[in-house]
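Thanks for coming, everyone. Please have the sequence and the model open while I talk.

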Amino acid sequence: MSIIEAKQLVHEYIRRDEEGNVESIQTALDHVDLHVEPGQFIAILGHNGSGKSTLAKHINALLMPNEGTLYVDGKDTKDEKNIWDVRQTAGMVFQNPDNQIIASVVEEDVGFGPENIGVPTEEIWQRVEKSLRSVGMWEYRAHSPNKLSGGQKQRVAIAGVMAMQPKCIVLDEPTAMLDPCGRKEVLRAVHELNRKCGVTIILITHYMEEVVDADQIFVMDEGHIVMQGTPKKIFSDVEQLKKYRLDVPQITLLAYELKKEGLPIPDGILTREELVKILEQQVK
Ligand SMILES: Nc1ncnc2c1ncn2[C@@H]1O[C@H](COP(=O)(O)OP(=O)(O)OP(=O)(O)O)[C@@H](O)[C@H]1O
Ligand SMILES: [Mg+2]
């Protein structure tokens with residue numbers, strides 16, 4: 001069974017004036033179909049305003065479909081009695097780590113979620129340890145979050161979500177406010193959770209380099225999913241990506257330009273090693 005299944009999902013933001021008359025309707029999701037298997041690492045790309053955050057909020061039942069259906073682990077998000085289960089299944093991580101950290105000591109911050117839902121004290125500490133270890137922040141358990149770097153704070157925020165034992169984590173541009181080093185730390189932690197703990201990951205990002213290891217990429221544009229496939233497939237179509245105002249990883253672009261100049265290079269090169277290997281073969 002799929003963990004996330006969107007069927008013809010529609011979301012409209014309706015703006016009303018003081019009398020309640022509709023002023024404008026913005027269709028942010030326009031009949032979106034999405035299918036994610038448990039344990040997959042999914043990336044969602046798309047230009048500003050394409051509907052990525054709106055989709056993320058639906059997966060966490062923060063928004064309700066205007067039309068269509070969204071199932072999270074088989075539970076219809078429209079059904080009010082499922083909201084708790086849906087939020088338990090799919091944890092959310094947002095852009096700004098400062099808005100997600102509440103306690104003044106790292107381990108208390110991570111324990112806050114489970115404590116809030118009445119997990120027994122001993123189990124809370126087990127979960128805190130496991131979560132902090134899984135993002136490589138266990139040594140910082142007694143630190144104040146304020147003194148941590150952006151990447152470290154974001155990893156603490158992710159540990160806080162992990163402590164709730166979700167099957168799936170949706171990260172909405174978790175690295176947008178981080179320096180390159182912090183971005184790498186967070187990405188590594190997220191991949192570990194996926195590989196070692198089997199957590200399904202849905203990563204929304206503007207950084208192409210962060211998605212080359214994903215199982216599947218979905219590209220959104222104006223509320224539609226316009227491309228879908230493995231990174232190799234997606235980055236084989238440089239022209240299409242440009243049409244949707246997206247960048248291409250630098251190496252992919254270099255390979256594409258070389259091919260255009262007449263070198264026999266396949267489409268969809270994602271890593272420096274791949275390109276070097278192909279160029280070496282041609283020199284021989
Ligand atoms: N609360 C809101 N009220 C009205 N319109 C909204 C609201 N939130 C988003 N929108 C509109 O819905 C569309 C999709 O927005 P969304 O935030 O989902 O895009 P996004 O892909 O996450 O963009 P970004 O890359 O900038 O984060 C946009 O046109 C946006 O202006
Ligand atoms: Mg967004």
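**A walk through the model**

Let's start with a charge and a ring. The charged end of Arg183 lies over the ring of Tyr207, at 3.8 Å from the ring centre. Keep in mind that this is a predicted model.

Which ring does the charged end of Arg141 sit over? It is the ring of Trp138, and the distance to the centre is 4.0 Å. What about aromatic pairs, how many are there? The count is zero.

Now the sheet. Four strands make an open sheet, and their order is S2-S1-S4-S5. The pairing is antiparallel. Which strands stand at the edges? S2 and S5, residues 75-76, do. Each has a single partner strand, so one side of each is left without a neighbour in the sheet.

Look at S1 next. S1 covers residues 4-16, and S2 covers residues 22-36. The two pair in the antiparallel sense over 10 bridges. S1 is also joined to S4, residues 67-72, by five bridges. That pair runs antiparallel too.

Find Glu5 for a moment. In S4, the bridge partner of Glu5 is Tyr71.

A word of background on strands. In a regular strand, side chains alternate between the two faces of the sheet.

Between S1 and S2 there is a hairpin with five residues between the strands. Gly20 in this hairpin takes a positive phi near 90°.

Staying with phi, here is some more background. Most residues other than glycine have a negative phi. Gln8 is not a glycine, yet its phi is positive, about 50°. Where is Gln8? In strand S1. Is Gln8 buried, exposed or partly exposed? Its relative accessibility is 38%, so Gln8 counts as partly exposed.

Glu222 also has a positive phi, near 45°, and is a residue other than glycine. Glu222 is found in the loop between strand S9, residues 216-221, and strand S10, residues 224-229. Is Glu222 buried or exposed? Exposed: its relative accessible area is 56%.

On to Glu210. This residue is in the loop between strand S8, residues 200-204, and S9. Is Glu210 buried or exposed? With a relative accessible area of 7%, Glu210 is buried, because buried means under 20%. The side chain of Glu210 makes a polar contact of 2.8 Å with the side chain of Thr205.

Last stop, ligand 1. Which residues come nearest? Of the 14 residues around ligand 1, they are Gly49, Gly51, Lys52, Ser53 and Thr54.

Take the contacts one by one. Gly49 has a backbone N or O atom 2.8 Å from an oxygen atom of the ligand. Ser53 has a side-chain N or O atom 2.8 Å from an oxygen atom of ligand 1. For Glu173, a polar side-chain atom lies 3.5 Å from a ligand oxygen atom. How much of ligand 1 does the protein cover? On its own, ligand 1 has 640 Å² of accessible area, and the protein covers 65% of that.

Which elements supply the shell around ligand 1? S1, S2 and helix H1, residues 52-59, each supply at least two residues. H1 gives the most, with three residues.

That's my tour. Over to you.

Key:
Residues are numbered from 1 along each chain as its sequence is written. Chains are lettered from A and ligands numbered from 1 in the order in which they are written. This is a predicted model: local features need pLDDT of at least 70, side-chain atom pairs count only at pLDDT 80 or more; totals for chains, interfaces and linings use all residues. Side-chain values use heavy atoms; hydrogens and water are left out. Rings of Phe, Tyr and Trp (its six-membered ring) pair if their centres lie within 6.5 Å; planes under 30 degrees apart count as stacked, over 60 as edge-to-face and the rest as tilted. A charge sits over a ring if NZ of Lys or CZ of Arg is within 6 Å of the ring centre and within 35 degrees of the ring normal. Two strands pair if DSSP finds at least two bridges between them. Buried means under 20% relative accessible area, exposed over 50%, partly exposed in between (1.4 Å probe, protein chains only). A residue is near a molecule or strand if one of its heavy atoms lies within 4 Å of it. A polar contact is a pair of N or O atoms within 3.5 Å; within protein, one must be able to donate a hydrogen and the other to accept it, and residues adjacent in sequence count only if both atoms are side-chain atoms. Accessible areas come from the Shrake-Rupley method with a 1.4 Å probe; for residues, only the protein chains shown count as cover.
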